[in-house]
Amino acid sequence: MNRLLLSGIIFVGFFMILAIFAPLIAPTDPFLMQYDKVFLPPSPEFPMGTDELGRDVFSRVIYGTRVSMFVGIVAVVISIVIGTAVGVAAGYYGGIVDTVLMRFTDIMLCFPTFFLILAVVAFLNPSLMNVMAVIGITGWMGVARLVRAESLSLKSRDFITAARISGLSAPRILFKHLLPNVVSVISVSATLGVAGAILTESALSFLGLGAQPPTPSWGNILTAGKDNILFAWWLSFFPGIAILITVLGFNLLGEGLRERTR
Amino acid sequence: MAVYILKRLLGLIPLFFGITLICFFVIRLAPGSPVDAEGAMNPNFTDNARQKFIALYGLDKPLHTQYILWLKKVVRLDFGTSFSRDARPVWDKIKERLPVTIQINAAALILIFIISTVLGVVSAWYKGSAFDRTVTVLVFIGFAIPTFWLALICMYIFGVVWGVLPISGLTSWNYQDLSVWGKFTDLAKHMVLPMFVTVAGGLAGMSRFMRGSMAEVLAKDYITAAKSRGLTNKTILFRHALKNALLPAVTLLGLSVPGLIGGAVIFESIFTIPGMGQLFYQSVNMRDYPTVMGILVIGAILTLLGNLLADILYAVVDPRIRYAQASKGEE
């Protein structure tokens, strides 16, 4: 266990626990509006202050963990599934399949992904489901390239040749022999992918196109922070720190996993 | 060289078709076609506008005809008229916003390249030193920091607490009355925060890449050979190592164009800079579909051009590419 991996596990584990046990950990109801306690600076009663509706920012940040973790993980699952399918197909079958799929991957890589995400969310309606789907569908290209390269090198290895000679069907070879060997590569880019997806989701929510109020998310607390930047710094400061540490944690975890597989 | 550029240009054609195809399928998500119900919720999407939209994209015709019709218009930069109240042609709206975004991004790209080269090269040269470790920690934080949050914090510190920098717009309200020098400093002051945020956003990845690239070169035999010949560090660094380490970075620079353009949406709307990103954000919020589509296509084409530029730069600095490609072309 290397240091990167350990610190990654600690950070990510901490936020996982926050997300799962949010109702037990949060001191107040994150939706409770107290109009006599609007824009209070941090104090022992409200460790991160209150927002424009007198809601406890600390509790909202804790509940916000749920949105970030959920969106991050689901989006990455989507992109891993697409990326692995494309990569394995391209690498294993080669030829025209490979050319077509990799060309398509190049095209997708050309897009300013954030533009594409914004456009799609604009054409549909802003909701967490759409955000997860779009982040997943626009984020699989890196995985596809990695998996393709792995599959290419595995394909010519003896155990795959042996499996083919012994008459195993293609799906069986793919699922039983090839895929288990690309898992380590996938796990690294999946972990780093969660970090990226959390950043994208927070940016979308910040722009008002992700999680919709009153659902608390780090991004939409920051929107309130921006609107009230002149006097309520705590609305901007704390959710940002939460994003920073979570993303840092996933990055450390990913780098740690990469170091371990070397 | 000309052959090489020509080949690259030809290579862009399938990419262009692919990109427009994807954009085209994004249009299909719009109300008026498959998801009619959602259009009914949109107050900007009146019956009149709907008819125009359907006519513009030929949504009542078969799919392939629709695509070809639309493509013909795109080639002529005809993206229809905006749904917003001014109802101007979309291309006119984009055209006046484009220079600001391109200038900021180009300047940011150059700064990112210079700063990350210095950071990466020095880190790799003094590998394991205090400087190297500090940069590594900063890079990790840089990867994790949300750019829009950095923008907010900078606005708060420099604009609100210290009050030394303006926090929005490109120019002050009295810009027209200022002297030439006054205009310049006014513009420069307004650019400091947006530039800082944009550069900071791209710096982490690039300097990490430069460090890796430089470390790889420094481990090569010819560097050891150069050392054993007794060449000075200066000669080894500038004549042998740097050029080879910079090569792969040029490609990465081209690849970072989409990220920068995407980031423009965020920093332009935070700092209220009248660029393409801000227009895009406004159009998204107003559900101004023609403008959204226009910017999506233009953004993708800009990215293509960025990649092309990187390829050409690569060939300029690396003769191997030039000759390999050119000779292949003559076969």
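Colleague: How many salt bridges does a search of the whole structure find over all chains?

Modeller: The model is predicted, so local features need pLDDT of at least 70 and side-chain atom pairs count only at pLDDT 80 or more, while totals for chains, interfaces and linings use all residues. Residues are numbered from 1 along each chain as its sequence is written, chains are lettered from A and ligands numbered from 1 in the order in which they are written, and side-chain values use heavy atoms, with hydrogens and water left out. A salt bridge is a side-chain nitrogen of Lys or Arg within 4 Å of a carboxyl oxygen of Asp or Glu. Over all chains, the search finds 10 salt bridges. In one salt bridge, the side chains of A:D106 and A:R145 meet at 2.7 Å, N to O. A:D106 belongs to helix α4 of chain A and A:R145 to helix α7 (residues 141-155) of chain A, so this pair ties together parts 39 residues apart in sequence.

Colleague: How many helices and strands are there in chain A?

Modeller: Helices (H or I, at least four residues) and strands (E, at least two) are DSSP runs numbered from the N terminus. Chain A has 11 helices and zero strands. Its C-alpha atoms fill a box of roughly 75 × 45 × 25 Å along the principal axes.

Colleague: How is the size of an interface expressed, and what area do chain A and chain B bury between them?

Modeller: Interface size is often given as the accessible area lost when the parts come together. Buried area is that loss for a 1.4 Å probe, summed over both parts. Here chain A and chain B bury about 4200 Å² between them, with 81% of it on carbon and sulfur atoms. On the chain A side, A:C110, A:F115 and A:F123 lose the most area to chain B, together 21% of what that side buries. Counting contact as heavy atoms within 4.5 Å, 43 residues of chain A and 49 residues of chain B take part.

Colleague: Which residues form the salt bridge between the two chains, and which elements of chain A supply its side of the contact?

Modeller: One salt bridge is counted between chain A and chain B. A:E255 forms a salt bridge with B:R208, their closest N and O atoms being 3.3 Å apart. On the side of chain A that touches chain B, at least two residues each come from α4 (95-110), α5 (113-123), α9 (170-206), α10 (218-227) and α11 (233-261). The largest share, 12 residues, is from α11(A). By class, that side divides into 34 nonpolar, five polar and four charged residues, where Ala, Val, Leu, Ile, Met, Phe, Trp, Tyr, Cys and Pro count as nonpolar, Asp, Glu, Lys and Arg as charged, and the others, Gly among them, as polar.

Colleague: What is the volume of the second largest pocket, and which residues lie nearest its centre?

Modeller: Rolling a probe the size of a water molecule over the atoms shows where empty space is left. On a 1 Å grid over the protein atoms alone, a pocket is an open set of points where a 1.4 Å probe fits, with protein on both sides within 12 Å along at least five of seven lines; lining residues have an atom within 4 Å of a point. Volume is the space filled by probe spheres set on the points, which are joined across faces, edges and corners. The second largest pocket has a volume of about 840 Å³. Its lining has 24 residues, with A:L4, B:T136, B:F140, B:R208 and B:R211 nearest the centre. Eight residues, the largest share, come from α6(B). The lining has eight nonpolar, six polar and 10 charged residues.

Colleague: Which peptide bond is cis?

Modeller: Most peptide bonds are trans. The bond from A:P213 to A:P214 is cis, with omega near 10°.

Notes. Buried area is the accessible area (1.4 Å probe) that two parts lose on being put together, summed over both.
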